[in-house]
Amino acid sequence: MSTPPNTPPNTPHWAEPALARVLDRVAVTRTEVGDRFPLYADQETGLWTTTRRGSWTGGFWAGLLWLRARHTGDVRDREAAGATTMRLADWAGADTATRGLILWYGTALADDPGAVALQERAACACLDAYDHELGLVPWGSAFGGPRRVAHVDGAPGMVPLLASVNAKAAESHLRAHLGLGSPGWSRGRAWLLLAVADGLRCLDVPDLRGAAGELTPSRRVPPATEERPDGPLDTSAAAITAVALLKLGQREPAVAVLEELVRVHLAANGSLRHGCYDLGSGTATRHELVWGSFFLAFGLAVLTGLVDAHSA
């Protein structure tokens with residue numbers, strides 16, 4: 001395969017072919033799921049479990065479609081991405097901190113006025129939900145359970161979304177979530193590292209560089225939980241970490257993570273294997289996960305010059 005003319009000269013030789021495989025898989029998935037949102041797929045059969053409204057992962061599917069649209073330049077891909085983003089609009093008014101995941105990643109790579117307006121509306125809605133007593137946007141009631149609590153996956157996406165309308169609220173939200181820690185959960189560490197990377201970019205918080213160092217894992221592809229070091233891996237945690245490292249300017253370790261994901265865990269059909277959704281409940285413990293595919297594709301897109309590390 002020849003190197004595209006705009007590819008940076010220091011791009012690893014495997015990055016562009018791997019990105020093409022992942023985005024070809026996106027086209028296949030789009031045909032298979034229709035107007036539903038993919039959540040996770042059996043890595044043996046390739047069949048997706050889907051949701052009607054996207055759940056907390058809908059923004060990553062929209063983000064994958066936008067990456068494909070940028071990669072192909074095809075107007076049909078762009079229309080599909082735009083339509084999917086607008087189907088996330090109802091989440092702007094939902095009581096959930098995962099609006100950061102849904103509406104930041106669902107809009108950040110978009111280039112149409114509707115997506116820009118949706119992101120602005122979502123940011124204002126999240127600011128309205130900010131709890132001054134807690135110093136954060138609470139987890140919320142949209143997925144059940146108590147609403148005035150916090151979980152680490154309420155930090156990524158929410159930090160840049162809030163920062164676009166109120167930097168102080170975004171900083172408080174980030175610091176409050178860092179105080180939670182991530183006891184043994186590899187993806188939790190990755191989410192926090194990503195939030196810190198975004199905070200260092202869009203907020204004046206240089207003291208958080210130490211937190212980034214503490215959150216960086218020692219293994220390129222970690223187990224889903226440190227309590228079971230020989231248990232299932234979570235490639236989605238590795239992909240999130242790689243993107244965070246690229247945002248932090250740590251290209252060499254980021255490339256090492258992405259290279260291992262491509263070499264060991266990326267199937268010939270473009271699916272990222274060995275993701276773990278929820279080890280505790282036994283849900284999709286060795287599967288292709290839509291957010292894992294998004295962060296792998298985004299990391300590869302950064303390496304190939306398709307997008308900037310801070311564009312999403």
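What volume does the largest cavity have? In this predicted model, the answer is about 60 Å³.

Helix 1, helix 2 and helix 12 (290–303) are the elements that give two or more residues to it. Helix 1 gives the most, with 4 residues. Sorted by class, the lining of the largest cavity comes out as 7 nonpolar, 3 polar and 2 charged residues.

Two of those lining helices also pack on each other. Two packed helices are described by the angle between their axes and the distance between the axes. For helix 1 (residues 15–33) and helix 2 (residues 58–72), the axes come within 10 Å and cross at roughly 120 degrees. The two helices are therefore oblique to each other, and their crossing is left-handed. On the helix 1 side, the contact is made by Glu16, Leu19, Ala20, Leu23, Asp24, Val26, Ala27, Thr29, Arg30 and Val33; helix 2 answers with Trp61, Leu64, Leu65, Leu67, Arg68 and His71. By class, that contact has 10 nonpolar, 2 polar and 4 charged residues.

Helix 10 (residues 235–247) and helix 11 (residues 251–265) have axes that come within 8 Å and cross at roughly 150 degrees. That angle makes helix 10 roughly antiparallel to helix 11. This crossing, too, is left-handed. Helix 10 brings Thr235, Ala238, Ala239, Ala242, Leu245 and Leu246 to the contact, while helix 11 brings Arg251, Pro253, Ala254, Val257, Leu258, Leu261 and His265. Class by class, you get 10 nonpolar, 2 polar and 1 charged residue in the contact of helix 10 with helix 11.

The largest pocket holds about 400 Å³ of space. It is lined by 20 residues, and the closest to its centre are Asp153, Trp185, Arg187, Tyr277 and Asp278. As for class, the lining of the largest pocket has 11 nonpolar, 6 polar and 3 charged residues.

Terms used:
Residues numbered from 1 in each chain as written. Predicted model: local features only at pLDDT ≥ 70, side-chain atom pairs only at ≥ 80, totals over all residues. Heavy atoms only, no water. Axes fitted to C-alpha atoms, helices over the stretch in contact; angles between N-to-C directions. Parallel < 35°, antiparallel > 145°, perpendicular 65-115°, else oblique. Left-handed = near helix turned anticlockwise from the far one by under 90°. Contact = heavy atoms within 4.5 Å. Nonpolar A, V, L, I, M, F, W, Y, C, P; charged D, E, K, R; others polar. 1 Å grid on protein atoms, 1.4 Å probe; cavity = no way out; pocket = protein on both sides within 12 Å on 5 of 7 lines; lining within 4 Å. Points joined across faces, edges and corners; volume = space filled by probe spheres on them.
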